[in-house]
Amino acid sequence: ATAAHALAQGALGLSIVRSILGVAEAGNWPGAAKSNAEWFPTNERALAQGIFNSGAAIGGIVSIPMIAFMTVFFSWKMVFVIVGLIGLLWLIPWLVLVKAPPEKHPWLTDEEREYILTGQKTTESSEENEEEEYVPTTAGVLSHKQSWGVIISSAAIDPIWWLFVFWIPIYLNEVYGMDVKSIGMYGWVPYVGAMLGAWFGGLLAQNRMKAGWTVNKTRKFTISLGCLIMLPALLAMANPGAPVVAVLIMAVILFGFQTAIGNVQTLPADLFSGKTVGTLAGLSGMAAKLGAVGLTSLVPWLTADGNYSPAFVIGASLAT
């Protein structure tokens, strides 16, 4: 779908391939949550999710200057083809390494298999064996207030990520008059904060569980901390001053975001098992993207006069 952007002849064609890309990419996140639930003990899930999420941040760090560099030598169509082919290469290690779930994977020793599977049975979830096997329908998932907590938190927090992912280059161009080369020099900095936040949120959760905190307390604390980091930084974006300061504040915002979101994304695996993990992850992901559509659609209207402060204030209210 990425490479097919080179075939687009106008706004309609571009919209079609962008939609196909969005549909295809969407399975990545609930799939990751399900894989995380299968492959990692409860006390390691947030760190595993953080490492996974940091991949998106590392992609931003690498791709922004790389694409800016490629535009000097290639047409915009060839840039899409190259990026698409690079993404396709990822199928090779995925198919080779993740060939079966832990119960059947031929490369695991008995000790490794026991460590993974036993660690998924926390004290909180193993009190009643029947609860471990509870795999409700979609309607059953939605009947739990905890599910709505995951869905609502995803819908509130996730748009903040897309606000910056989508608007960083445009913001730097409109507010600071940067061209493609200048954006390539500055635009990667916020993703460094995102990468560090993804690791920090996972390590913090792991540390708190090792200290004896419950899964519930750990998740709530880490998510709340991430939002508290985002809140003042989002308000500070109303008047950041120099471009260097602006991208550093963005880095703080994305640090807080990734601290929180990695733990939000592990909640489906904490609450349910089996197919239900992917179901709840998919529902929360849908809510998150609908929230992102709403916020990013508002930005052109909110910033019509060149002032981005209203958009950042709305972002701060979402973090609250």
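Visitor: Why is Trp-161 called buried?
Guide: Buried means under 20% relative accessible area, exposed means over 50%, and partly exposed is in between, with a 1.4 Å probe and protein chains only. Trp-161 has a relative accessible area of 9%, so Trp-161 counts as buried. A word on the source: this is a predicted model, in which local features need pLDDT of at least 70, side-chain atom pairs count only at pLDDT 80 or more, and totals for chains, interfaces and linings use all residues. Residues are numbered from 1 along each chain as its sequence is written, and side-chain values use heavy atoms, with hydrogens and water left out.

Visitor: Where is Trp-161, and which residues does Trp-161 touch?
Guide: Trp-161 is in helix H9; helices are DSSP runs of H or I with at least four residues, numbered from the N terminus. Contact means heavy atoms within 4.5 Å. Not counting residues up to four places away in sequence, Trp-161 touches Ala-56, Tyr-191, Ala-194, Leu-254, Phe-257 and Gln-258. The C-alpha atoms of Trp-161 and Met-185 are separated by 20 Å, and these residues are 24 apart along the chain.

Visitor: What makes Thr-276 buried?
Guide: The relative accessible area of Thr-276 is 1%, and therefore Thr-276 is buried. Thr-276 lies in helix H14, residues 275-302. Leaving aside neighbours within four places in sequence, Thr-276 is in contact with Val-135, Pro-136 and Val-141.

Visitor: Why is Thr-71 called partly exposed?
Guide: Thr-71 has a relative accessible area of 38%, so Thr-71 is partly exposed. Thr-71 is found in helix H3 and touches Val-79 and Val-180, not counting residues up to four places away in sequence.

Visitor: And what makes Ile-86 partly exposed?
Guide: For Ile-86 the value is 45%, so partly exposed is the label here. Ile-86 belongs to helix H4, residues 76-88.

Visitor: Which residues of H12 are buried, and why are they said to be on the same side?
Guide: Val-215, Thr-218, Arg-219, Thr-222, Ile-223, Gly-226, Cys-227, Met-230, Ala-233 and Leu-234 are buried in H12. They cover an arc of only 150° around the axis, so they are on the same side of H12. The arc is taken from the directions from the helix axis to the C-beta atoms. An α-helix has 3.6 residues a turn, so residues three or four places apart point the same way. The face of H12 turned away from the buried side carries the exposed residues Lys-220 and Leu-228.

Visitor: What do the buried residues of H12 pack against?
Guide: They pack against helices H3, H9, H11, H13 and H15.

Visitor: How many residues does H9 give to the lining of the largest cavity?
Guide: H9 gives the most, with five residues. H9 and H15 each supply at least two residues of this lining.

Visitor: What classes of residue make up that lining?
Guide: The lining has nine nonpolar, no polar and no charged residues. Ala, Val, Leu, Ile, Met, Phe, Trp, Tyr, Cys and Pro count as nonpolar, Asp, Glu, Lys and Arg as charged, and the others, Gly among them, as polar.
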